[in-house]
Amino acid sequence: MPHHRLALAIAVALSIPCAHADIILAPITVTATQEVAIPATDQLTEHTPLQSPKADAGEALRLIPGVSGSRMGQHGIDPIIRGQTADQLNVLIDGGFVFAACPNRMDPPTSFGSLMLYDRIVVEKGVQSLLHGPGGSGGTILFERDTAEMAAEPGVRGRLSFGANDNGLHGDVGLDMLMSNGQGYVRVLGEALNAGNYEDGDGNEVPSSMKKRAVTLIGGYRHDNHSGVEASVDRSRVTDARYAGAGMDSPDDELSAYRLKGWAEALDGPVSGVKAEAWRSDVDHVMDNFSLREPANPMMLRRSPTTSRTTGGRLILSSQLDRAELDYGVDLRRVDRDAVLLDALSGDLLFRTWPDARQDNLGLFAQADMQTGTAGLLRAGLRVDRHESSIDSDLEGQSIANAIAPWVPEGTAEAAGKTRRDTQVSALLRYEHAINGSLTAFTGLSRTIRQPDATELYFYRPHMTERLIGNPSLDAEKHHQLDLGVVGQGPRLSYEAALFYDRVEDFILRDDVGSTLSFRNVRATLWGAELGAGFRLHDDLILSGALAYVRGRNESDGRDLPQIPPLNGHVGLEYQPAQWLLGARTRFADKQTRIDTLGGLDTIETPAWAVLDLYGSYRVNRQLEMRAGVDNLFDRHYAEHVNRNYSALFGDPTDRIYEPGRTLWARVNVTF
């Protein structure tokens, strides 16, 4: 047996009885008369000691089983859940949506969040609710804050955090301060981060430097424990971000987000609760190929300013019906995107990559949680979404229709300047049953719809080595999913296992036809499994670990789907007496040989790898905590298979973006 296979087999065997309870498993306690919680939810918080300081939330999420991240640099690591990414995931930032302004996804929504600015990041894998908006076939990521609940206690309190490592992250400083009199409150959060290029395990410098400055101001009023109003403003700016996996860098990327919410619970009458939210998120993004790198051709200087404007709102009403709690309401969302490519020397417009694309969605939804007997919970949901997409009819001589891929049917040329309209229905059934006081089983069936995004419909890049042209005749993806599993919690052993299967009609595949890259609909399936567990060997000693596997197939053409992570996971051992915590963790992935190179996302097969991390923390007192560790102790040279090295289109297709080599890190948290 090859050495990496032997190591992987040992890791698999060890991982069956292990997982870190704070991260891998939802905190579920089941008794014969207690309501059970929908399982398969994972979350990260700043208090989780497993994590070294990260420059991007997408990288921190990669420790959750079933979650991967596609690296282009240190900034903008794009999450992948159960083999799905981008608009196949719903990402809500404090209840509102933010959509990337970069067609190349240098700035996915998760890049604007961090563990310093939010109280937790919750991951719902698969479809567990229809209340978070349309889509979300792969899962939902929620950046959440508990400001109103925290403000119930009068006073002034806060937290300061200082972190750094010796391989790319020069410094990360965070502030969180809350002032409240028990009703009115103000909360201020801020982060300042400076990152340089990191070195991979072979000593090569990977262009990945960046600077981030973010500040949030929240103000609210709690009328009582069940009602209140809150407003917030978020400003985040990333400058001088370098990307090893792209033909351009980003000298400036700025988010301005505004949110207003109000809620009233425990009401008398047929409506027992009301929650209303409104938001606006503006992203201004600039790319170029000369300000942060030496241009390949001094006469081919290119600059691309892009914008994304997201406005929306949600109204949720709640009613108590016998043994069921019903949530119902309406949400709406408008996303306006525009992007151009300019000749930086002359200032001339070359073409519009996103030609003023607009996408609107209006959704009506209802979802009920019903107790069935003393040990069961049934969730049933239905939503109807009306979607519209259009672009600017005046393209200044640019004709998307004339450049479109050859498989587009005749008559689609006119679609480039017309509004697309589509109405679709999504549904969810999910049942959970407490078999006994320590074991719960669950199963779910769902149908969800994912509309094609602006890039898949309208993107226009005609003058490069390989053209990428949108396809306005695409149909929406229709996901039909089944998942089932068990969650167990005992005095020493806790575990969670899940299986999932997703049959997709009209899966949107990026594919190659001649010298043109475009998008088309195919039949596809995704299936896989996740396993996490934790075993308490001793009062202070915990063995932990997780495994995740997903397989994706293009059934129309008999090919594998691109950018599917291989079998991966981690195994760890933690010793935690009183104020101390000492831990060791092995992260690993099997080789990935099931690839699809035709769309340019997969380039080569990826070998197996395994790395060892050591970490520890010490709580000096209630106010002061210190953490330190080393990632990739043996300085291994490795790359994740999900890898966004689009620069391979212009150079060596075997090139990869390798992960950081040995990295020493430290963090200090001060509460007051």
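How do the residues of the lining of the largest cavity divide into nonpolar, polar and charged? Hi everyone, let me get to that in a moment. This is a predicted model, where local features need pLDDT of at least 70, side-chain atom pairs count only at pLDDT 80 or more, and totals for chains, interfaces and linings use all residues. Residues are numbered from 1 along each chain as its sequence is written, and side-chain values use heavy atoms, without hydrogens and water.

Searching the whole structure gives 14 cavities of 30 Å³ or more. A cavity here is a set of points on a 1 Å grid over the protein atoms alone where a 1.4 Å probe fits but cannot get out, and lining residues have an atom within 4 Å of a point.

The largest cavity holds about 590 Å³. Among its 40 lining residues, Lys54, Glu59, Arg62, Arg587 and Tyr638 are the closest to the centre. And the answer: 18 nonpolar, 12 polar and 10 charged. Strand S32 (580-589) gives the largest share of that lining, four residues; strands are DSSP runs of E, at least two residues, numbered from the N terminus.

Strand S2 also supplies at least two residues there, and S2 belongs to an open antiparallel sheet ordered S2-S3-S4. S2 (67-70) and S4 (84-85) each have a single partner strand, so one side of each is left without a neighbour in the sheet. Pairing requires at least two DSSP bridges; S3 and S4 have two, and Ile80 has Thr85 in S4 as its bridge partner.

Finally, the second largest cavity is about 360 Å³, and S3 gives two or more residues to its lining. Thanks, everyone!

Note on methods. On a 1 Å grid over the protein atoms alone, a cavity is a set of points where a 1.4 Å probe fits but cannot get out, and a pocket is an open set with protein on both sides within 12 Å along at least five of seven lines; lining residues have an atom within 4 Å of a point. Grid points are joined across faces, edges and corners, and a volume is the space filled by probe spheres set on the points. Ala, Val, Leu, Ile, Met, Phe, Trp, Tyr, Cys and Pro count as nonpolar, Asp, Glu, Lys and Arg as charged, and the others, Gly among them, as polar.
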